[in-house]
Amino acid sequence: MPAGTRSSAERVNAERLSADITALGRFGATDRGGVNRPVYSPADLAARGWLADRCAEAGLGFRTDAIGNCFITLPGSDPNRARVWTGSHIDTVPDGGRLDGAFGVLAGLECLRTLAAADDDFRPSATVEVVAFADEEGAYASFVGSRALVDGWTVDALSALTGRDGEPLADGLARIGSSIEAAAEVPTITAAAGAGRGAVAAFVELHIEQGPVLENAGLDIGVVTDIVEVGHGTVTFLGQADHAGTTPMELRRDATRAAGAFLVGLPSVPAEHGSPAAVATCGMVSVEPGAANIVVEEMRLSLDVRDRAGGVPSLQAGVADLARRCSADHGLDHRLEWDSVTPGVALDPDMGQRVADAADRIGASHHRMVSGAGHDSQVMARAVPTGMIFVPSENGRSHSPAESTSLAQLEIGANVLLEVLRDLAS
Ligand code: GLV
Ligand code: MN
Ligand code: MN
């Protein structure tokens, strides 16, 4: 082969990537055509087993840490170089799509297979790893796996986490053969860097956009510059349980009245307290005691508020004011709790330039943009130079079985990732 000419393994194998997406989508497949694969669920465990088999087949390393992050490894020729990381997540929201997270992990796997097949001159000198972060979707808490790697968790903090159905995190960890104590010992990458081994040089995440911007602009690739700040919490309106047949309407302390008024008012909060990018969502409601013939004593509403970096406190203040007014108007009490605020971040400009240059090299059109969705990248960016690559989402649909991107667009995204990994690791 003439000097400077790349081996046959210059581009990813799109058919193999497509087959992997279809195969992984079978774990947790729902009747509506979506995927239900929360972290540590039987479907997630089966998916991990499938992924490990694909790695063994390709001669790639595979390991899982004590919190459930999976690592796929292609060793570099220079063991002294810091590792290059890519990846995303394989857990899904309830009845989500096949691509959110899974695409980034499977495209990473495909890139490693492609790099492994390259001639020696083009094999990376840095070790390249694909990370499938545990619980990106927050079944227990947002970004459980990436926070373990960047901040570390204490035993107390992990012990306080419960799943959407109230299951303690310890029970989920037991299903992967781990425990709270072991999960609290997962070494952070910052500590590894300090110790001079296991350091991570950079992280790049490939993901579907999950919104309509790229499709509307007719572009191939989004170069992500910033990720929004996200606040998660719960507001609970507190009334009194009474007989639904014998309690006169004017004597009831019905929690649904304040909660209903709150839900009507919530869409005004971003407009009044946020930037034009601000959003507020209640995606889960529950009532206690929960019977058709009992006036509701407690109504809990989940809260998800997002805005540009630094914008969430103002949205939280708006939510607090609305909750106060709604409970006062109906003579009720309420409790407002914020579980987490994941800070908005600016991603690394140099990584963004590498993504843009990679897109140029393969002739892909691109555009710099802000991510309205949360990603492990916003946690990773606190520890290492981080970049993100978006591909278009059909009709902007995501967190739904309707999630879709053409194979041609997925292939372009995977090849941009391959170029960025080569650039970082060679
Ligand atoms: C992750 O999907 C999020 O943005 O909530
Ligand atoms: Mn998601
Ligand atoms: Mn995702």
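**Exercise 1.** Which residues coordinate the manganese ion (ligand 2), and at what distances?

*Solution.* The model is predicted, and its local features need pLDDT of at least 70, side-chain atom pairs count only at pLDDT 80 or more, and totals for chains, interfaces and linings use all residues. Residues are numbered from 1 along each chain as its sequence is written, chains are lettered from A and ligands numbered from 1 in the order in which they are written, and side-chain values use heavy atoms, with hydrogens and water left out.

Step 1. The manganese ion (ligand 2) is coordinated by D100 (OD), E137 (OE), E137 (OE) and H399 (NE2), at 2.0 to 2.8 Å. Donors are N, O and S atoms within 2.8 Å of the metal (3.2 Å for Na, K and Ca); water is not among the atoms, so sites may look incomplete.

Step 2. Along the chain, these donors follow the spacing D-x36-E-x261-H.

Step 3. D100 also coordinates the manganese ion (ligand 3), 3.6 Å from the manganese ion (ligand 2).

**Exercise 2.** Is D100 buried or exposed?

*Solution.* D100 counts as buried, because its relative accessibility is 6%. Buried means under 20% relative accessible area, exposed over 50%, partly exposed in between (1.4 Å probe, protein chains only). H399, at 42%, counts as partly exposed.

**Exercise 3.** At what angle do the axes of helix α2 and helix α3 cross?

*Solution.* Step 1. The axes of α2 (residues 42–58) and α3 (residues 102–116) cross at roughly 10° and come within 11 Å. Axes are lines fitted to C-alpha atoms, for helices over the stretch in contact, and angles run from 0 to 180 degrees between N-to-C directions. Helices (H or I, at least four residues) and strands (E, at least two) are DSSP runs, numbered from the N terminus.

Step 2. α2 is therefore roughly parallel to α3, a class for angles under 35 degrees.

Conventions: Parallel < 35°, antiparallel > 145°, perpendicular 65-115°, else oblique.
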